[in-house]
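User: I'd like to learn how to read a structure like this one. Can you take me through it feature by feature?

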Amino acid sequence: SCPANLMDPAMTTSPKPWHRVARGVAHVLFVLMLALATTWAARAVHFQLTGLVRTLALAALAMAFLATLTLRFQNRRKGWVTFALAAVLVAGWYQTIRPQQNRDWQPEVAHGVTADVSGPIVTLHNVRNFNWTSETEAVPDWQTVTVNLDQLSSLDMFTSTWGNPDIAHLIVSFGFDDGQHIAFSVEIRKEVGETYSSLGGFFRKYELVLIAAQENDVVRVRTNMRHEDVHIFPVALPADKRRDLFLQFVGLGNQLAEQPKFYNTITANCTSTVFLLVRSFQPNLPLDRRIILSGRLPEYIDEMGGLQGDEPMAQRRAEGAITARAQTIGAGQDFSAFIRGGLRSTASN
């Protein structure tokens with residue numbers, strides 16, 4: 001017969017209830033991690049690969065997912081090892097994706113701005129001055145423009161929305177004593193035939209480009225061709241800071257020419273890139289959700305004391321709405337002067 005202590009129910013080795021719960025939770029968390037990682041990898045493959053290669057890569061991911069899941073419930077250690085190995089392989093492949101300079105770019109982003117700086121004299125190369133004939137077609141014109149920073153007299157911010165009022169494209173424009181304006185626009189550098197995807201912007205789908213342009217190009221195409229809702233806001237920035245910001249844009253253009261970078265839907269877009277430029281000489285500028293919700297960026301800048309005037313924002317938005325006005329411009333009129341006709345002031349001290 002068996003000893004009495006071996007027959008004692010208290011001495012059995014069956015798992016305690018809380019052990020079973022913990023094990024169940026661990027399994028659920030593992031499956032969630034595996035599902036999220038596989039989804040991320042599948043998205044990266046979708047945006048980076050094409051044709052048969054993409055199909056084979058997605059099939060390999062599916063097999064890796066099933067194998068890892070099966071091993072997890074057979075042997076937890078083997079499940080983790082397989083997961084880690086797959087993660088290392090995917091991460092290693094993803095790190096081989098590098099931004100490029102030489103692709104078949106769409107005409108409007110064929111060139112990014114570069115500049116030569118000699119004291120207050122800045123010579124800008126590849127300033128865009130396209131004559132737009134439709135939303136997508138234009139007569140190309142890339143110019144070399146020389147400006148004198150001692151004559152830099154104003155700074156304006158344009159926001160352009162086309163659907164969701166909380167999401168806007170940002171254009172920063174510098175005005176000079178001679179009436180000239182140079183507008184900077186941080187944009188996606190799309191290839192011929194390529195379309196924008198906000199999701200693709202998280203997966204190294206697009207390069208970043210800094211466009212310098214005449215307002216008659218970069219603003220007019222949005223007001224008169226695309227019929228976007230465009231507003232102008234005069235910015236209150238001291239002359240030395242205004243000059244610093246111009247040179248920051250110039251530096252970014254030269255930097256991208258030397259070392260291309262990827263666009264990112266959140267961290268490297270038209271607004272966050274400009275925010276980082278401003279932060280280089282305004283380090284205490286706080287982060288705010290309106291940097292992402294860029295349609296509300298004027299309210300944020302106003303709270304920071306960055307806009308001219310003290311009128312309510314609703315009034316400033318109404319005064320700064322330029323789309324309808326821009327569409328009435330006559331032949332031969334100066335676009336920059338015309339759209340500012342209803343503004344009280346666009347000059348800063």
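**Reading the model**

Analyst: Let's start with helix α7 (residues 270–279), which is mostly covered, with 8 of its 10 residues buried. Buried means under 20% relative accessible area, exposed means over 50%, and partly exposed is in between (1.4 Å probe, protein chains only). Helices (H or I, at least four residues) and strands (E, at least two) are DSSP runs, numbered from the N terminus. This is a predicted model, where local features need pLDDT of at least 70 and side-chain atom pairs count only at pLDDT 80 or more, while totals for chains, interfaces and linings use all residues. Residues are numbered from 1 along each chain as its sequence is written, and side-chain values use heavy atoms, with hydrogens and water left out.

User: What covers the buried residues of α7?

Analyst: The cover includes strands β7 (169–176), β8 (181–189) and β9 (207–213), plus helices α6 (239–258) and α8 (297–303). Among the residues tucked away are Cys270, Val274, Phe275 and Val278.

User: Now the rings. How many aromatic pairs are there?

Analyst: Rings of Phe, Tyr and Trp (its six-membered ring) pair if their centres lie within 6.5 Å; planes under 30 degrees apart count as stacked, over 60 as edge-to-face and the rest as tilted. A search of the whole structure gives 18 such pairs. Take Phe174 and Phe246: their ring centres are 5.0 Å apart and their planes sit at 85°, so they're edge-to-face. Phe174 is in strand β7 and Phe246 in helix α6, so this pair ties together parts 72 residues apart in sequence. Both residues are buried. Elsewhere, ring pairs join Trp40, Phe47, Trp93, Tyr94 and Phe203 into a cluster.

User: And charges? How many salt bridges does the structure hold?

Analyst: Side chains of opposite charge can pair when their charged atoms come close. The cut-off for a salt bridge is a side-chain nitrogen of Lys or Arg within 4 Å of a carboxyl oxygen of Asp or Glu. The structure holds 13 of them. In one, Glu191 meets Arg103, with the closest N and O atoms 4.0 Å apart. Glu191 sits in the loop between β8 and β9, and Arg103 in the loop between α3 (76–94) and β1 (114–118), so parts 88 residues apart in sequence are tied together. Glu191 is partly exposed at 23%, and Arg103 is partly exposed at 32%. Arg103, Glu191 and Glu207 are linked in a network of salt bridges.

User: Which residue pairs with Glu299?

Analyst: Arg317 does, with the closest N and O atoms 2.9 Å apart. Glu299 lies in helix α8 and Arg317 in helix α9, so the bridge ties together parts 18 residues apart in sequence. Glu299 is buried at 19%, and Arg317 is buried at 16%.

Technical notes. Contact = heavy atoms within 4.5 Å.
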